[in-house]
Amino acid sequence: MIYFRKITLFLFTALTAVALTSCGPDRRSTAEILTDAVKAGNENKWQDALDEAKNAARREPENPSALMMLAIAYENTGRKDLAIQAARTAAGLANDDYSAQYLLGRLYYESPKNIQDCIEPLLRAKKIKPNDPNTLILLGQSARKLNLRNPEKYYEAMTKTARFKNRPEPWNEMGIIYASRNDLGKAANCFVNAYRAAPDNHTVVRNLAIFMDRCNRKKKAVLFYKKYIDLIASNPEMEHQRRQVRRRIKEISS
């Protein structure tokens, strides 16, 4: 399964360029405070990042960038509900900002109790950036998990992006979707395209072997099962998979 976690710290497109100053002892502008918050996050000092983000959000409670930084800092200090709350407010204030919509969608997606809410902000993010692969990945995966119609359309769109046009992942995902519907012709096309893109990817080879096995093309299945074993031969953690595949080869070769 494809999974891509967005880089933790966004380029805040809503960040104010005006250098506002505090009336208190902290003479930094809000922009400077947020810059320091990002720096702390990049250094994995998330409590410091959270303190800075809270400072910025207190100064400007309707600043989407401050709220996005607050959400990210809450997320990285284990406070997922507060992260969603801050991201939801940011997204409401910045309806046309890609980063705000994607952040909210991603946080919803990663929360089992909120995953059903991820589609709306992700679709808004897609409207702003139609071909962004990060959004397409999450839309495809969430559509599959929620049993929505036609999740393959998002993976198909991925094949047209610069990042994924020569990669196997979207084809592999579409192959699984079509195979689950027993649409074997389309599934075969997708699994073959995945294999052409990455003939030495052990996940791709295994899925193609399983598909050939399911289609009763046993000789082809054995060839790909054997290639899969060769590809994972140096990985001691995959001995269980090797035993399973050897057993299946024996079953269909006898």
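Okay, let's start with A40: its relative accessibility is 8%, so it counts as buried (buried is under 20% relative accessible area, exposed over 50%, partly exposed in between, with a 1.4 Å probe and protein chains only). Before I go on, this is a predicted model, where local features need pLDDT of at least 70 and side-chain atom pairs count only at pLDDT 80 or more, while totals for chains, interfaces and linings use all residues. Residues are numbered from 1 along each chain as its sequence is written, and side-chain values use heavy atoms, with hydrogens and water left out.

So, A40 sits in helix α1, residues 30-42. Helices here are DSSP runs of H or I with at least four residues, strands are runs of E with at least two, and both are numbered from the N terminus. What does A40 touch, leaving aside its neighbours within four places in sequence? K45, D48 and A49, with contact meaning heavy atoms within 4.5 Å. A221 is another story: it's 181 residues from A40 in sequence, and 51 Å away in space, C-alpha to C-alpha.

Now the whole protein. We get 13 helices and 0 strands. The radius of gyration is 23 Å, well over the 18 Å from the globule rule for 254 residues, so the protein is more spread out than a compact globule. That radius is taken over C-alpha atoms, and the rule is 2.2 Å times the number of residues to the power 0.38. Along its principal axes, the C-alpha trace spans about 80 × 40 × 30 Å. Even so, 48% of the 254 residues count as buried. And if you take contacts between residues at least 6 apart in sequence, 52% of them join residues at least 24 apart.

N134 lies in helix α7, residues 133-145, and is buried, with a relative accessible area of 8%. Its side chain makes a polar contact of 3.0 Å with the side chain of R163. By polar contact I mean a pair of N or O atoms within 3.5 Å; within protein, one must be able to donate a hydrogen and the other to accept it, and residues adjacent in sequence count only if both atoms are side-chain atoms.

Then P112: buried or exposed? Exposed, at 73% relative accessibility. P112 is in the loop between α5 (98-109) and α6 (119-128). From P112 to E32 you go 80 residues along the chain, and their C-alpha atoms are separated by 35 Å.
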